[in-house]
Amino acid sequence: MAAAGKCFLVTGPAGIGKTTLIVRVLETLRNSNPNLKVQGFYTREIREGTERIGFEVVTLDGRTGLLASNKISSAQSLRWPTVGRYRVDVASFESLALPELQVREDTDLFIIDEIGKMELYSSSFFPAVLKVLQSNIPLLASIPITKVGRDIPGVARMKNHPGARVFTLDANNRDAMREQIFSLLADVLQKP
């Protein structure tokens with residue numbers, strides 16, 4: 001299992017900047033350590049003008065694929081699971097995300113943005129996340145904020161993991177949290 005202090009979980013309301021924080025921490029870590037070997041992915045919104053129409057998964061080497069959309073209405077997509085008004089393309093998500101979660105000996109850090117409802121429709125995703133935790137490689141991930149009495153089981157398991165530290169973002173603490181998480185991760189990554 002991941003040692004204490006090696007699993008960093010960022011949470012907060014939708015749109016508060018969890019993905020932005022993770023991407024900026026990653027950029028800062030890479031700038032200070034160009035040889036850092038990082039695996040994982042993040043998700044970002046797909047927009048048409050000002051309207052959010054879906055989400056895509058982005059690997060850390062820049063490959064993209066559909067995660068969810070409210071604009072696709074093919075015969076195949078009608079069988080996709082839904083979260084709110086979005087249909088989740090599990091196969092597309094798995095084709096990009098799962099290879100990024102394969103534990104390799106030379107990996108220094110994993111990034112997983114997000115461990116949420118959409119991603120958890122993949123029956124292979126959470127077992128891969130657990131293997132990352134068991135690898136003892138540091139992990140920076142985002143999780144959705146808990147709604148009272150409605151925690152997602154996989155998310156609850158992550159938050160309750162003995163090596164986990166949860167950072168809750170709000171509009172007032174985002175910059176300070178980014179600096180704190182960067183500092184903690186930089187320290188963890190320097191230790192053998």
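Leu-185 is buried, with a relative accessible area of 0%; buried means under 20% relative accessible area, exposed over 50% and partly exposed in between, using a 1.4 Å probe and protein chains only. This residue belongs to helix α6. Helices (H or I, at least four residues) and strands (E, at least two) are DSSP runs, numbered from the N terminus. Not counting residues up to four places away in sequence, Leu-185 touches Phe-8, Val-25, Leu-29, Leu-109, Pro-138 and Leu-140, where contact means heavy atoms within 4.5 Å. Thr-64, 121 residues from Leu-185 along the chain, has its C-alpha atom 26 Å from that of Leu-185.

The model is predicted: local features need pLDDT of at least 70, side-chain atom pairs count only at pLDDT 80 or more, and totals for chains, interfaces and linings use all residues. Residues are numbered from 1 along each chain as its sequence is written, and side-chain values use heavy atoms, with hydrogens and water left out.

## Helix α1

Helix α1 covers residues 18-32, which is 15 residues. From its first C-alpha to its last it reaches 21 Å, close to the 21 Å expected at 1.5 Å a residue; the expected span is 1.5 Å times one less than the number of residues.

The buried residues of α1 are Lys-18, Leu-21, Ile-22, Val-25, Leu-26 and Leu-29. Seen down the helix axis, they fall within an arc of 130°, so they line one face of α1; the arc is that of the directions from the helix axis to the C-beta atoms. An α-helix has 3.6 residues a turn, so residues three or four places apart point the same way. The cover over the buried residues of α1 includes β1 (7-11), β2 (38-48), β7 (109-113), β8 (139-142) and α6 (174-190).

## Strand β8 and its partners

β8 is covered on both faces: Leu-139 and Ala-141 are buried on one side, and Leu-140 and Ser-142 on the other. β8 pairs with β1 in the parallel sense over 4 bridges, and β7 and β8 also pair in the parallel sense, over 3 bridges. Two strands pair if DSSP finds at least two bridges between them. Val-10 has Ser-142 of β8 as its bridge partner, while the partner of Phe-110 in β8 is Leu-139.

## Nonpolar cores

A nonpolar core is a set of buried Ala, Val, Leu, Ile, Met, Phe, Trp, Tyr and Cys residues joined through side-chain atoms within 4.5 Å. The largest one has 35 residues, and those with the most contacts inside it are Leu-101, Ile-112, Phe-125, Leu-139 and Met-158. Helix α4 (residues 125-134) gives the largest share of this core, 7 residues. A second, separate core has 24 residues, including Phe-8, Ile-16, Leu-60 and Leu-140.

Beyond its neighbours within four places in sequence, Leu-101 is in contact with Gln-39, Phe-41, Phe-110, Ile-112, Phe-125, Ala-128, Val-129 and Val-132.

## Two buried serines

Ser-122 lies in the loop between α3 (117-120) and α4 and counts as buried at 3% relative accessibility. Its side chain reaches the backbone nitrogen of Phe-125 at 3.1 Å. A polar contact is a pair of N or O atoms within 3.5 Å; within protein, one must be able to donate a hydrogen and the other to accept it, and residues adjacent in sequence count only if both atoms are side-chain atoms.

Ser-92, in helix α2 (residues 90-100), is buried at a relative accessible area of 16%. The Ser-92 side chain reaches the backbone oxygen of Leu-66 at 2.7 Å.
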